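Here is a short briefing on a structure.

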Amino acid sequence: MTRPAALLPTLLSLALAACGAPAPAGEPVDLLITGGTVITMDSARRVIDGGAVAIRGDRIVAVGAAAELDARFAPAERLDAARRIVMPGLIDGHGHAGHGLVKSLGMDTGEWYPATERIYAEASDVGFWRAEALLTGVERVRFGVTTALSFLGGGDMVMRTDDPAFGDAYLAAMDTVGLRFILAVGPRRPPFPKTYVRWTGDSARAQAVSFERQLEVSEALVEKWHAKGDGRLRLAMAFPTHHPEQTPLRGAELEALVAQARATRALSKKHGLLFTQDGHSKHSVKFAHEVFDILGPDVLLSHATGMTDEEIAIVARTGTKVVHNPSANAAIREHFRLVELLDAGVTVMLGSDGVAPDRSYDMFRHVFQAMRYHRAAFRDARVLPAGKVLEMVTVDAAKALGLEREIGSLEAGKKADVILLDADRPHMMPMQMPLYRVAYFANGNDVRTVIVNGRVLMRDRVVLTVDERAVVDLAQREADLAIRRAGLDSLTRTPDGFWGRSRFP
């Protein structure tokens, strides 16, 4: 029911119009999203049916009933959200730059990791990284992901930090797409030096790259890009996870590894950056704490499957954050103890671990996967309520990235990162219980409009910041070129054992 006070501006306007006086102007705003079902994710977790969001510049200035905000504001642009769900943009805490151009390559034959290492270090040029950023940036926008973190490489931590040109190209492309984006940079897994190949046309030149060089390149990227301009682009520091039981080290080798880990961590502290590691599992968290001494509230650990009770206590005590990738192979090999982490008070966000070899950046898919994964493990459908998982891609995710004052909910003063979902589709109907529709039935293709930092990046499924057709064509050319340079064309063919078997041989 509309409150009487909300009618006063409208009644005053009608009275003034009747006597020929001009109606008073409302507060100017750039955009008013009005008439939708607004899932705020604020502290009260309000859901406003027939709600509105007012945006001025890059900030939200008001969230409330449409009638109230219509009367209060004079928007330069009005966006009709009738039969739409309006909610904060989704946040993806873990992905890999490069993977978008090598999807499913050798994934069933055990050749995925070697293939990515070879392509990233030896067969990719600057154009490859630019094209991959444009492609996956568009994919994320189309799926309603407004904030994301990706490592500059992958496989076995093949970071393309031998030269700043690669990170420059990647960040410039993401800037063009318009996402809020964190690029994790840092060194490869030791020992050093590592071999990288630079391509100029059809010419290739190999060079040995030291740990010190990769750290220098990482810092150069930080100084050039981190939180500059409108602040959408940020850097994080990354260091390879060490698994003491898989690769036991002693003496000088261990000393060198510890020194490198601490040097990388010191660089993150020097610049106030998030520090992150990929691929944690049982006992590696304890090692990172007791030997590396790198954990803390500005640290985000990815995967972290199979943690012991002691390690969960360490993470809780140090305030370290964790990103859970429920669709990743790591979560199949060893269970991720999400319920125990949450019960211990640890902040956990969701990640896609995308986009390869076998998963996309559709975070709705990973929301659903997370619920099924943990309910199956406990044989209990009450485990991990949908509301908790929605928090893990919005407010909890923002906290894990250290951005809780900026994003994660629709509230006055926060950045205007907003998505609109089409609720008027058969799989989303009937439109009651919007929280359940989003968690259980929505998918990335339901996203109609995407706004980041107050800027409309996609409207009615049309990406406005880049030419999507040109991006797709560029990505195909660069992927073909890199695979050909690496001599891996055979991996693009369907392998023996694909059909008619219960498992690969």
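Helices (H or I, at least four residues) and strands (E, at least two) are DSSP runs, numbered from the N terminus. This is a predicted model, where local features need pLDDT of at least 70, side-chain atom pairs count only at pLDDT 80 or more, and totals for chains, interfaces and linings use all residues. Residues are numbered from 1 along each chain as its sequence is written, and side-chain values use heavy atoms, with hydrogens and water left out.

**Confidence**
- pLDDT is the predictor's confidence in each residue, from 0 to 100.
- The protein has a mean pLDDT of 94, and 95% of its residues reach 70 or more.
- Over residues 1–23, pLDDT stays under 50. The model has 11 contacts (heavy atoms within 4.5 Å) beyond four places in sequence for residues 1–23.

**Thr-449**
- Strand β19 (residues 447–452) holds Thr-449.
- Thr-449 counts as buried, at 3% relative accessibility. Buried means under 20% relative accessible area (1.4 Å probe, protein chains only).
- Beyond its neighbours within four places in sequence, Thr-449 contacts Leu-79, Val-418, Ile-419, Leu-420, Val-456, Met-458, Arg-459 and Asp-460.

**Helices α8 and α9**
- The axes (lines fitted to C-alpha atoms over the stretch in contact, with angles from 0 to 180 degrees between N-to-C directions) of α8 (residues 284–292) and α9 (residues 309–318) come within 9 Å and cross at roughly 50 degrees.
- α8 and α9 are therefore oblique to each other. Oblique covers the angles left after roughly parallel (under 35 degrees), roughly antiparallel (over 145) and roughly perpendicular (65 to 115).
- Ser-284, Val-285, Lys-286, His-289 and Glu-290 of α8 meet Glu-310, Glu-311, Ile-314, Val-315, Arg-317 and Thr-318 of α9.

Methods
Buried < 20%, exposed > 50% of the residue type's maximum accessible area, 1.4 Å probe, protein only.
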